[in-house]
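Welcome! Let us take a friendly walk through this model, beginning with a pair of helices and then moving on to the core.

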Amino acid sequence: MFARNVSIHLKSNTLSDYNRTFENEVLPLLRKQKGFKDEITMSNPGSPDVVAISFWENKTSAEAYKAAAYPEVLKTLERLIDRTPTVQTFEEVTSTFNKVAVAA
């Protein structure tokens, strides 16, 4: 598995708009991407910072998303973000993620 960790700094008082936009516009786009597995988005109450972690089958799928769809995601969110998000990528070392999904 491969992960993209995107750190986002939102404009003031836009978390609700971000959540709505992410749910209605970004997630449907992500779900159409080959190799997309899951997404976790977290925020710190009272802070304009959001972390969005997407999980991919492999690095190739994540890089294809980065090249083709991620620019569209940035355009969708540009009215809500204060500066260019920071992206880090990670390869899975260990995980309980797959075991939880199988058990469910």
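The axes of helix 1 and helix 3 (residues 70-77) come within 10 Å and cross at roughly 160°. Here helices are DSSP runs of H or I with at least four residues, strands are runs of E with at least two, and both are numbered from the N terminus. Axes are lines fitted to C-alpha atoms, for helices over the stretch in contact, with angles from 0 to 180 degrees between N-to-C directions. Helix 1 and helix 3 are therefore roughly antiparallel, a term for angles over 145 degrees.

Who makes this contact (heavy atoms within 4.5 Å)? Helix 1 brings Y18, T21, E25, V26 and L29, while helix 3 brings E72, V73, T76 and L77.

This is a predicted model, where local features need pLDDT of at least 70, side-chain atom pairs count only at pLDDT 80 or more, and totals for chains, interfaces and linings use all residues. Residues are numbered from 1 along each chain as its sequence is written, and side-chain values use heavy atoms, leaving out hydrogens and water.

Now look at T21, which sits in helix 1 (residues 15-31). T21 counts as buried because its relative accessibility is 5%; buried means under 20% relative accessible area, with a 1.4 Å probe and protein chains only. Beyond its neighbours within four places in sequence, T21 contacts V26, T76, L77, R79 and L80.

Finally, the largest nonpolar core has 22 residues, and I8, Y18 and L30 have the most contacts inside it. Such a core is a set of buried Ala, Val, Leu, Ile, Met, Phe, Trp, Tyr and Cys residues joined through side-chain atoms within 4.5 Å. Helix 1 gives the largest share of this core, six residues.

Key
Buried means under 20% relative accessible area, exposed over 50%, partly exposed in between (1.4 Å probe, protein chains only). Contact means heavy atoms within 4.5 Å. Angles under 35 degrees count as roughly parallel, over 145 as roughly antiparallel, 65 to 115 as roughly perpendicular and the rest as oblique.
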